[in-house]
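Morning, everyone. Please have a look at the model on the screen, and then I'll talk you through it.

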Amino acid sequence: MATVKAEPYEFEFDPRACALVVIDMQVIFGEPGSAWCTPGYPEVEKQIARLAPEFGDRVVFTRFIAPEHPQGAWVPYYELWPFALVPPTDRLYDLTPTFRQ
């Protein structure tokens with residue numbers, strides 16, 4: 001069993017019976033120079049890096065990737081954030097170094 005210290009309470013789980021899904025731990029959100037840098041990213045990164053080994057090969061990483069051609073409500077959004085309209089292979093969409101394999 002593993003214990004996660006969380007608010008409003010901590011909880012226990014068996015990492016052998018579940019998977020860890022890690023969402024959007026990418027350069028675009030974690031690099032200090034990025035317009036989308038997320039406050040608190042370094043602390044979250046540390047906690048995920050601490051938990052991941054408990055799950056072995058049952059860790060799944062998702063990656064946000066902007067659409068090639070924004071549509072609908074996304075058009076004005078990306079007019080404000082054109083830096084994110086890069087190919088999926090751009091380094092902005094890479095996982096941060098802690099999670100690269």
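This is a predicted model: local features need pLDDT of at least 70, side-chain atom pairs count only at pLDDT 80 or more; totals for chains, interfaces and linings use all residues.

Numbering runs from 1 along each chain as its sequence is written, and side-chain values use heavy atoms, without hydrogens or water.

The largest pocket has a volume of about 150 Å³. A pocket here is an open set of points on a 1 Å grid over the protein atoms alone, where a 1.4 Å probe fits, with protein on both sides within 12 Å along at least five of seven lines; lining residues have an atom within 4 Å of a point. The volume is the space filled by probe spheres set on the points. Among the lining residues are Ala49, Phe61 and Arg100. Helix 2 gives the most, with 3 residues. Helices are DSSP runs of H or I, at least four residues; strands are E, at least two.

Surface. Val21, Ile23 and Val60 form a nonpolar patch, about 270 Å² of accessible area together. Areas are Shrake-Rupley, 1.4 Å probe. Ile23 lies in strand 3, residues 20–23.

Backbone. A cis peptide bond joins Glu7 and Pro8, with omega about 10°. Pro8 is in the loop between strand 1 and strand 2. Asp24 has a positive phi, near 60°.

Notes. Patches are made of residues with over 30% relative accessible area and no salt bridge: like charges are joined within 9 Å, nonpolar side chains (Val, Leu, Ile, Met, Phe, Trp, Tyr) within 5 Å. A salt bridge is a side-chain nitrogen of Lys or Arg within 4 Å of a carboxyl oxygen of Asp or Glu.
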